[in-house]
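Hi everyone, and thanks for coming. Let me put the sequence and the model up on the screen, and then we can walk through them together.

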Amino acid sequence: MRLFNQCPWLLATLLLGPAAWPDCLPVEEARKHVGEIRCVTGKVVRVKQGTRGVHFLDFCDDFRLCPFTVVVFPRDLKNVGDIRQLQGRMIEIHGQVKEYDGRAEIILEEYRHLSGSTAKISPLPKNYVEKEGRYSAGTFSHPKAGKTPSKKRQTAKLPIDIPEDSD
């Protein structure tokens, strides 16, 4: 119940189901609806992997000029599926429209946020690796601690004044 108090839109979504989603907006109008739970539709021009395994669905040739983007964090890839299949397809994505860095975005956390023909994407392949040798979908590991530097051994100090031998 506490979760529903923090996220009232989640309760509305569960109770109303598909009727909770109004008509989809084109990506150009998404910014006018920041803070609202909406459906946004557009053609995915590119699926791009950013730093630290974050994926972006771009709807324009130049992502910097695009008014809307979809973000998928590495922890959510297992719940979403193989988003690379969305490239070149028209999608409908449902969720809260947020503003980040001057653009509207929706964070895709589950495959259920997609509807229409795009709702059926296959799960991630078991051998999918986001960043070679470091990350893989659905797993988390803490970074390894670096080696601690060993203390440099110091030579024994000799007394500065050495008495001379008397003959």
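Let me begin with a term: a salt bridge here is a side-chain nitrogen of Lys or Arg within 4 Å of a carboxyl oxygen of Asp or Glu. By this rule, the count comes to six salt bridges. I'll come back to some of them in a moment.

Before that, a word on what you are looking at. This is a predicted model, in which local features need pLDDT of at least 70 and side-chain atom pairs count only at pLDDT 80 or more, while totals for chains, interfaces and linings use all residues. Residues are numbered from 1 along each chain as its sequence is written, and side-chain values use heavy atoms, with hydrogens and water left out.

Now the overall layout. Helices (H or I, at least four residues) and strands (E, at least two) are DSSP runs, numbered from the N terminus. The chain has three helices and 11 strands. If you follow it along the sequence, the pattern is α-α-β-β-β-β-β-α-β-β-β-β-β-β.

How much of the chain is buried? I call a residue buried under 20% relative accessible area, exposed over 50%, and partly exposed in between, with a 1.4 Å probe and protein chains only. Buried residues make up 29% of the 167 residues. The chain exposes about 12,500 Å², and carbon and sulfur atoms supply 53% of that; these areas come from the Shrake-Rupley method with a 1.4 Å probe, and for residues only the protein chains shown count as cover.

One more overall number, about contacts, meaning heavy atoms within 4.5 Å. Among contacts between residues at least 6 apart in sequence, 55% join residues at least 24 apart.

Let's move to the sheet. Two strands pair if DSSP finds at least two bridges between them. Four strands form an open sheet in the order E1-E2-E6-E9, with mixed pairing. Its edge strands are E1 (25–26) and E9 (114–115), each pairing on one side only.

Within that sheet, E2 (residues 37–43) and E6 (residues 90–96) are antiparallel, with seven bridges between them. You can find Cys 39 opposite His 94 in E6, and Gly 42 opposite Ile 91 in E6. E6 also runs antiparallel to E9, joined by two bridges. There, Ile 93 stands opposite Leu 114 in E9.

Ile 93 takes us to the next topic, as one of the residues with the most contacts inside the largest nonpolar core. By a nonpolar core I mean a set of buried Ala, Val, Leu, Ile, Met, Phe, Trp, Tyr and Cys residues joined through side-chain atoms within 4.5 Å. This one has 23 residues, and Val 40, Leu 57, Phe 59, Phe 68, Ile 83 and Leu 86 are also among those with the most contacts inside it. The elements giving two or more residues to this core are E5 (68–72), H3 (77–80), E6 and E8 (103–107). The largest share, three residues, comes from E5. As background, nonpolar side chains in soluble globular proteins tend to be buried together.

Which residues does Leu 57 touch, not counting residues up to four places away in sequence? The list is Val 44, Arg 46, Val 47, Thr 69, Val 70, Ile 83, Leu 86 and Ile 91.

Back to the salt bridges, as promised. Side chains of opposite charge can pair when their charged atoms come close. Glu 36 and Arg 38 meet at 3.1 Å, N to O; Glu 36 is partly exposed at 34%, whereas Arg 38 is buried at 16%.

Next, Asp 82, in the loop between H3 and E6, forms a salt bridge with Arg 84, with the closest N and O atoms 2.8 Å apart. Asp 82 is buried at 8%, while Arg 84 is partly exposed at 41%. Then there is Arg 112 with Glu 110, where the closest N and O atoms are 2.3 Å apart. Arg 112 is exposed at 54%, and Glu 110 is partly exposed at 27%.

My last stop is Asp 101, in the loop between E7 (98–100) and E8. Most residues other than glycine have a negative phi. Phi of Asp 101, though, is near 55°, a positive value. Is Asp 101 buried or exposed? At 68% relative accessibility, Asp 101 counts as exposed.
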